[in-house]
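Please look over the structure before reading on.

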Amino acid sequence: MENGEIPENANEHCPGPSSEAAGKSDACQGCPNQEACATAPKGPDPDLVAIAERMATVKHKILILSGKGGVGKSTFSAQLSFALAAKDFQVGLLDIDICGPSIPKMLGLEGQDIHQSNLGWSPVYVESNLGVMSIGFMLPDPDEAVIWRGPRKNGLIKQFLKDVYWGELDFLVVDAPPGTSDEHISIVQFLQATGIDGAIIVTTPQQVSLIDVRKEISFCKKVGVPVLGVVENMSGLCQSLPDFRFLRMTETGEHTDVTEKVIVYMREKAPEMLDLIAASEVFDSSGGGAAKMCSETGVPFLGKVPLDPQLCKAAEEGKSCFADQKCGVSAPALKIIIEKLMTNYWPNEMSVE
């Protein structure tokens with residue numbers, strides 16, 4: 001337990017051997033280290049000093065959170081990082097989703113390794129101004145499950161913050177796991193002294209997701225992290241009409257593909273229809289969606305991003321959705337949200353840009 005490190009065999013929700021509650025809290029009951037922690041000298045964690053030194057060269061730190069998994073949080077983190085880097089900012093993307101690290105895939109960095117120098121761990125770079133760090137780079141087998149208790153996860157997050165050499169950064173984007181677990185408490189605790197700009201919360205429109213987003217907002221208020229805003233992702237399926245497949249259902253329930261016939265018919269009889277965008281509500285938003293929830297909770301609503309198959313494809317291929325015109329419905333929506341963030345929170349950076 002040197003330097004206040006949490007031992008690997010500690011109980012879940014261990015307060016840490018340097019905490020005043022060490023050996024005394026309910027979480028300590030039955031822990032093999034309880035007596036040692038209770039009698040150990042207490043004091044500030046020296047690693048926090050090392051983290052503060054590392055973060056001194058980072059201007060802005062943004063947490064990307066979600067109440068539920070599968071709402072597109074990592075996709076948003078990746079595309080936000082791509083967009084900021086395209087504006088010539090120096091950007092770092094830190095993936096602290098220890099059990100489900102998808103950032104290497106979404107940045108096109110699968111199979112890359114972390115390298116060490118005399119300055120510390122080096123991020124893996126997409127471009128010269130976009131670096132990435134993830135446990136995904138450390139797994140010998142990408143299919144291997146990470147089965148760690150909270151203390152070990154927290155130890156790796158701390159190591160990422162104190163040992164990774166980012167250099168001068170304009171923005172550090174932190175992609176957190178869903179929920180409000182040990183990783184969230186740790187990242188806030190480790191970064192709070194250095195200043196966190198705030199959190200962006202990603203959700204889908206239906207109530208089953210928004211219920212958990214309210215808990216995420218409550219978490220942010222309790223730990224003193226400003227909520228920069230909420231993004232409603234997958235807000236209706238949108239794509240150009242010719243990109244749809246058209247099917248006819250037979251009496252036996254089987255599907256026959258009639259796409260080619262429909263496209264030919266439209267081209268001959270109603271060519272103007274080929275320029276239309278078709279939209280369909282996938283998730284029930286009859287409760288008002290994220291916009292209504294933001295109004296009720298007093299946090300900013302940043303906007304909606306449609307469910308765009310082309311954006312999904314860009315994420316699968318590890319590409320920016322802004323690189324070409326393929327993400328014709330999602331890229332403009334994301335761009336509006338990012339410009340709103342820049343205007344509301346970092347106007348000085350826009351003037352530099």
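This is a predicted model: local features need pLDDT of at least 70, side-chain atom pairs count only at pLDDT 80 or more; totals for chains, interfaces and linings use all residues.

In it, the side chains of R214 and E296 form a salt bridge, with N and O 2.5 Å apart. R214 sits in helix α7, while E296 belongs to helix α9 (residues 289-297), so the pair links parts that lie 82 residues apart in sequence. R214 is partly exposed, at a relative accessible area of 32%.

## Other salt bridges

The count comes to 13 salt bridges. One of them pairs K158 with D47, at 3.6 Å from N to O. K158 is in helix α5 (residues 150-163) and D47 in helix α2 (residues 46-55), so this pair ties together parts 111 residues apart in sequence. Both K158 and D47 are buried.

A further bridge stays within one helix. K215 pairs with D212, and their closest N and O atoms are 3.4 Å apart. The two residues are 3 apart in helix α7 (residues 207-223), so about one helical turn separates K215 from D212. D212 has a relative accessible area of 16%, under the 20% limit, and therefore counts as buried.

## The annotated binding site

An unreviewed UniProt entry lists a "binding site" made up of G67, K68, G69, G70, V71, G72, K73 and S74. From this set, G72 is part of the lining of the second largest cavity.

K68 falls in the loop between β1 (58-66) and α3 (73-86). Its contacts, leaving aside residues up to four places away in sequence, are P178, V208, S209 and D212. K68 is partly exposed, with a relative accessible area of 31%.

G70 also has its place in the loop between β1 and α3. Is G70 buried or exposed? G70 is exposed, at a relative accessible area of 70%.

## Cysteines

How many disulfides does a search of the whole structure find? The search finds 0. For C28, the nearest cysteine sulfur is that of C14, 6.1 Å away. A disulfide needs the sulfur atoms within 2.5 Å, so C28 is in none. C28 is buried, with a relative accessible area of 8%.

C327 is in no disulfide either. Its nearest cysteine sulfur belongs to C321, at 4.9 Å. C327 is buried too, at a relative accessible area of 4%.

How values were computed: Residues are numbered from 1 along each chain as its sequence is written. Side-chain values use heavy atoms; hydrogens and water are left out. UniProt positions are given in the numbering used here, feature names are shortened, and annotations may be inferred rather than shown by experiment. On a 1 Å grid over the protein atoms alone, a cavity is a set of points where a 1.4 Å probe fits but cannot get out, and a pocket is an open set with protein on both sides within 12 Å along at least five of seven lines; lining residues have an atom within 4 Å of a point. Helices (H or I, at least four residues) and strands (E, at least two) are DSSP runs, numbered from the N terminus. Buried means under 20% relative accessible area, exposed over 50%, partly exposed in between (1.4 Å probe, protein chains only). Contact means heavy atoms within 4.5 Å. A salt bridge is a side-chain nitrogen of Lys or Arg within 4 Å of a carboxyl oxygen of Asp or Glu.
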